[in-house]
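Dear colleague,

I am passing on the structure that we spoke about, with the sequence alongside.

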Amino acid sequence: MIGNAMALAAREIRRNLLRSGLTALGIIIGVAAVIALVTLGSGAQSEITSGISSLGSNMLIVAPGARSSRGMGGVVTQATPFELSDVDAIAREVGGAENVAPVASAGTVAVFGNANWPTSITGTSNEYLTIGNWELALGRSFEASEERAGRAVCLIGATVREKLFGALNPIGSTIRLGKFACQVIGVLRSKGQSAMGGPDQDDLILTPIRTFQRRISGNQNVQSVFVSAVSESETDRVKLDIEALLRERRRIRPGDASDFDVRSIAEIAELVQSTTGILTTFLAAIAGISLLVGGIGIMNIMLVSVTERTREIGIRLAIGALENEVLTQFLVEAALLSSLGGVVGIVLGLGISAIAARGIGIPFTPDYTIVGIAFVFSAFVGLIFGFFPARRAARLNPIDALRHE
């Protein structure tokens with residue numbers, strides 16, 4: 001009976017091919033939108049988390065937080081910045097900390113000859129290169145004496161080199177950063193664009209932290225501290241030790257909230273993954289609304305079809321067809337129509353997401369579980385919204401149906 005019903009349903013769909021295509025359009029758009037959004041969201045999630053994780057799962061970032069005065073309506077203020085003594089204390093007293101680098105940054109305009117380029121300058125130490133997996137393409141890193149004395153030397157990223165020097169060798173040249181001039185001693189190997197079209201990782205200049213403090217910021221502040229643990233398994237313990245040490249140094253009483261944050265790269269990656277996952281689910285849910293709209297379209301067209309085929313239904317009922325057989329025929333027709341729409345939507349969604357993923361530079365990672373769910377849901381929508389027209393057809397009075405013009 002099901003096979004015969006499917007044959008009849010296919011015949012009716014072919015007979016009104018344009019109307020059937022327009023009827024299934026809502027299902028096609030809904031399924032394509034859901035699959036495209038979920039696939040692109042998964043690819044973006046993978047790209048971002050892999051970019052963050054490439055810094056190392058044993059990396060920690062320590063930054064001052066915010067604090068507020070006690071009581072209702074307390075004023076929120078920025079916590080006291082770190083100093084180099086805090087960095088030295090972490091390196092000296094936290095046993096599992098393998099590399100510790102101070103970080104302070106500011107925007108600047110780099111000038112060489114007639115060329116200039118807006119970029120950022122970061123005061124740090126050689127440990128920053130190790131923690132961030134930076135390699136040198138040319139030249140050398142800072143010498144210990146240069147770091148201690150705060151010499152006017154710097155390392156430049158590949159983008160800064162291209163914008164200021166072109167094909168010239170920049171080693172030994174002097175660039176001007178506002179009123180500050182420094183000698184280029186090294187060029188960092190290119191890392192390229194960060195995940196999802198974020199900031200250019202090669203658009204930077206590094207200088208010793210003491211040089212930055214004296215020549216750029218004019219204070220002793222350290223904006224953040226980068227720490228790498230000796231191993232991933234030691235990361236949690238190192239984090240707790242850093243928190244305990246800084247609470248003691250900043251005289252935070254037991255029970256009071258810390259005015260700084262210590263986050264591991266693993267935590268940041270997990271947070272980003274959770275956020276992008278929620279956003280993807282939300283967008284997919286919005287796109288899924290069009291599936292319901294498509295179901296309403298199927299119900300309307302099936303009601304029209306019942307009206308057009310009233311005499312046919314009356315003849316079938318008059319010669320002995322059962323109500324269940326008529327009901328099954330129309331349900332199968334609705335389900336087949338929505339299923340075909342689901343198949344077209346799947347192909348369209350995968351094609352759109354593949355093209356878009358290549359265009360924005362993220363992995364194409366289709367989730368075939370979602371593909372299967374989208375197909376089953378599209379067929380389910382056809383059954384649900386096709387039931388009322390099918391029941392109406394099955395309950396027609398044969399005599400009234402035969403007299404219908």
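The notes below go from the whole chain to its core, its surface, its aromatic pairs and its salt bridges.

This is a predicted model, in which local features need pLDDT of at least 70 and side-chain atom pairs count only at pLDDT 80 or more, while totals for chains, interfaces and linings use all residues. Residues are numbered from 1 along each chain as its sequence is written, and side-chain values use heavy atoms, with hydrogens and water left out.

**The chain as a whole**

The protein chain holds 13 helices and 12 strands, where helices (H or I, at least four residues) and strands (E, at least two) are DSSP runs numbered from the N terminus. Of its 405 residues, 43% are buried; here buried means under 20% relative accessible area, exposed means over 50%, and partly exposed lies in between, with a 1.4 Å probe and protein chains only. The accessible surface comes to about 20,500 Å², and 58% of that belongs to carbon and sulfur atoms, the areas being computed by the Shrake-Rupley method with a 1.4 Å probe and, for residues, with only the protein chains shown counting as cover. Among contacts (heavy atoms within 4.5 Å) with a separation of 6 or more, 76% are between residues 24 or more positions apart.

**The interior**

The largest nonpolar core has 38 residues, and those with the most contacts inside it are I90, I156, I175, I205, V225, V227 and I242. A nonpolar core is a set of buried Ala, Val, Leu, Ile, Met, Phe, Trp, Tyr and Cys residues joined through side-chain atoms within 4.5 Å. Leaving aside residues up to four places away in sequence, I205 touches A110, T119, S120, I121, T122, C154, L155, I156, V160, I175 and L177.

Helix α3 (residues 84–93) has L84, D86, V87, A89 and I90 buried, and what covers them includes β4 (97–112), α7 (209–217), β11 (224–229) and α8 (235–249). In α7, the buried residues are I209, T211, F212 and Q213, and they pack against α3, β4, β5 (115–124), β9 (180–188) and β10 (205–208). Just after α7, G218 takes a positive phi of about 75 degrees.

**The surface patch**

On the surface, L37, L279, F282, L283, I286, I289 and V293 form a nonpolar patch with about 630 Å² of accessible area together. Such patches are made of residues with over 30% relative accessible area and no salt bridge, like charges being joined within 9 Å and nonpolar side chains (Val, Leu, Ile, Met, Phe, Trp, Tyr) within 5 Å. Helix α9 (residues 265–308) supplies the largest share of this patch, six residues.

**Aromatic pairs**

A search of the whole structure finds two aromatic pairs, where rings of Phe, Tyr and Trp (its six-membered ring) pair if their centres lie within 6.5 Å, and planes under 30 degrees apart count as stacked, over 60 as edge-to-face and the rest as tilted. F112 and F165 form a tilted pair, at 4.3 Å centre to centre and 40 degrees between the planes. This pair links distant parts of the chain, since F112 is in strand β4 and F165 in helix α6 (residues 158–165), 53 residues apart. F112 is partly exposed, at 26% relative accessible area, whereas F165 is buried, at 5%. The rings of Y128 and F226 have centres 5.7 Å apart and planes at 25 degrees, so this pair is stacked. Y128 lies in helix α4 (residues 126–131) and F226 in strand β11, 98 residues apart.

**Salt bridges**

There are nine salt bridges, a salt bridge being a side-chain nitrogen of Lys or Arg within 4 Å of a carboxyl oxygen of Asp or Glu. R140, E143 and E146 are linked in a network of them, in which the closest N and O atoms of E146 and R140 are 2.8 Å apart. E146 is buried, at 6% relative accessibility, while R140 is partly exposed, at 32%. R237 forms a salt bridge with E234 at 2.5 Å between the closest N and O atoms, and R237 also meets D241 in a salt bridge (3.1 Å, N to O). R237 and D241 are separated by about one helical turn because they are four residues apart in helix α8.

With best wishes
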